[in-house]
Amino acid sequence: MSDWDSLWTNARIATMAPAGEDPYGAVADGAIAVAGGVIDWVGPAAALDRSRAEGVPVHDAGRSWITPGLIDCHTHVVYGGNRAAEFEQRLNGATYEEIARAGGGIVSTVRATRQASVDALVESALPRVRSLLREGVTTIEIKSGYGLDTATERRMLQAARRIPDHLPVDVATTFLGAHALPPEYAGDADGYIDLVCGEMVPAVAEAGEADAVDAFCESIGFTRAQTERVFRAAHDHDLPVKLHAEQLSDLGGAALVAEYDGLSADHLEYVGEDGVRALARAGTVGVVLPGAFYFLRETQLPPIDLFRRHGVPIAVATDCNPGSSPVTSLLLPMNMACTLFRMTPAEALAGVTRDAARALGLQDRIGTLEAGKAADFALWDIGSPGELAYPAGFNPCRAVVKKGALVAGSGLFDSA
């Protein structure tokens, strides 16, 4: 009797494990065998061991393209409140400063998030996550950062970890207490960093609520020295680090996160060549966030050619958040990464699979279709993998498979 649980056949497969000059690792007529929620075998159908397939439920992919499940490696989908009205106010001429003085901006999100229970935070996040799932996303990173006090930051992380109880996605949580200065610490950034390092990091580490620690190193965020204090606290508690770096200016954040062997440096519009070299040496992933670039009408492009030249992996993510990137589609940032940042479609797809997995430190488990990795994949009605970055506002996802089970899609995959 076979030890396989299911077999997917009649598929064109983009393994995203590069083979020769093919950036997609494509298999023109392929099959995937699943056992215990893990890929046991993947390859050309002609090489399939038919004796092992006897009695195994077979799913006909109908010549769909199969890719790894997509990975959104930078989001803020858990938060309270809504800032749609501010978007309209800005377009009607109000400045960000005027909105902030009237109690809007990030302060309004912090206020609403502090008032929300864990249940309420989960409930408000589910539609955003569901939208991503429908586009083939099977793993999502979720940051805290809108509580800015210990209790609320922990509630955000707890809410994020409860999302897989409701939807078939895996969640990686990131503690982002050093996101902004809360109103009660106005004028005392060092005092707030004392709280982050002395109370918040130990609390989330002891409770096992965070998989990584992040910070916002920027002129409107925290200094390089303050960020390094956060990194030292994370290191003391065995938590890897990530960083919002060089979004508005070059403060050396990329080099700093590389110094701490960080998982990723995110945004990076203003990073210089020294910072890119540092990322390359450390193996730190550069995460580009074209949704925020678009929504904020930025003009400084991230140096994609420098990333290529120095071999820095480039991930692509939504940065879904209420203030600067209310984006709940990962396919759209793929298109934007190509049209705005001049990435290739193959780079964009790698950016939401293989390289996104590296940005979360999960490259041994997800991100490519290879034996031993999770059977997380998506089926697409497309003519080639590059088409995933082509349309804007159209979803060609036919079905989503999580740990070998069909969890979303058209229901066309009947067992033979």
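Me: Where is the place of His237?
Reply: The model is predicted, so local features need pLDDT of at least 70 and side-chain atom pairs pLDDT 80 or more, while totals for chains, interfaces and linings use all residues. Numbering starts from 1 along each chain as its sequence is written, and side-chain values use heavy atoms, with hydrogens and water left out. Helices (H or I, at least four residues) and strands (E, at least two) are DSSP runs, numbered from the N terminus. On that scheme, His237 falls in the loop between H7 and E10.

Me: Is His237 buried, partly exposed or exposed?
Reply: Buried means under 20% relative accessible area, exposed over 50%, and partly exposed in between (1.4 Å probe, protein chains only). His237 has a relative accessible area of 31%. His237 is therefore partly exposed.

Me: Which residues is His237 in contact with, leaving aside its neighbours within four places in sequence?
Reply: Contact means heavy atoms within 4.5 Å. With those neighbours set aside, the partners of His237 are Val201, Pro202 and Ala205.

Me: At what angle do helix H6 and helix H7 pack?
Reply: Axes are lines fitted to C-alpha atoms, for helices over the stretch in contact, and angles run from 0 to 180 degrees between N-to-C directions. H6 spans residues 189–207 and H7 spans residues 224–236. Their axes are 9 Å apart, and the packing angle is about 10°.

Me: Is H6 roughly parallel or roughly antiparallel to H7?
Reply: Angles under 35 degrees count as roughly parallel, over 145 as roughly antiparallel, 65 to 115 as roughly perpendicular and the rest as oblique. The angle between H6 and H7 is about 10°. That makes the two helices roughly parallel.

Me: How many nonpolar, polar and charged residues has the contact of H6 with H7?
Reply: Ala, Val, Leu, Ile, Met, Phe, Trp, Tyr, Cys and Pro count as nonpolar, Asp, Glu, Lys and Arg as charged, and the others, Gly among them, as polar. The H6 side includes Ile193, Val196 and Asp194, and the H7 side includes Gln226, Arg229 and Val230. By class, the count is 8 nonpolar, 1 polar and 3 charged.

Me: How many salt bridges does a search of the whole structure find?
Reply: A salt bridge is a side-chain nitrogen of Lys or Arg within 4 Å of a carboxyl oxygen of Asp or Glu. One of them joins Glu141 and Lys143, with the closest N and O atoms 2.6 Å apart. Searching the whole structure gives a total of 24.

Me: How many residues apart do Glu273 and Arg277 lie in helix H9?
Reply: Their side chains meet in a salt bridge at 3.5 Å, N to O. Glu273 is partly exposed at 29%, and Arg277 is partly exposed at 34%. Both lie in H9 (residues 273–282), about one turn apart, a spacing of 4 residues.

Me: Which residues do salt bridges that share partners join into one network with Asp376?
Reply: Asp376 bridges to Lys402, and the closest N and O atoms are 2.7 Å apart. This pair links distant parts of the chain, from the loop between helix H14 (354–359) and strand E14 (377–380) to strand E15 (residues 397–402), 26 residues apart. Both Asp376 and Lys402 are buried. Through shared partners, Asp376 is in one network with Asp170, Lys402 and Lys403.

Me: What is the phi of Lys403?
Reply: Most residues other than glycine have a negative phi. Lys403 is in the loop between E15 and strand E16 (405–409). Lys403 is not a glycine, yet its phi is positive, at about 50°.

Me: Which residues have the most contacts inside the largest nonpolar core?
Reply: A nonpolar core is a set of buried Ala, Val, Leu, Ile, Met, Phe, Trp, Tyr and Cys residues joined through side-chain atoms within 4.5 Å. The largest one has 94 residues. The residues with the most contacts inside that core are Val78, Ile163, Phe175 and Phe307.
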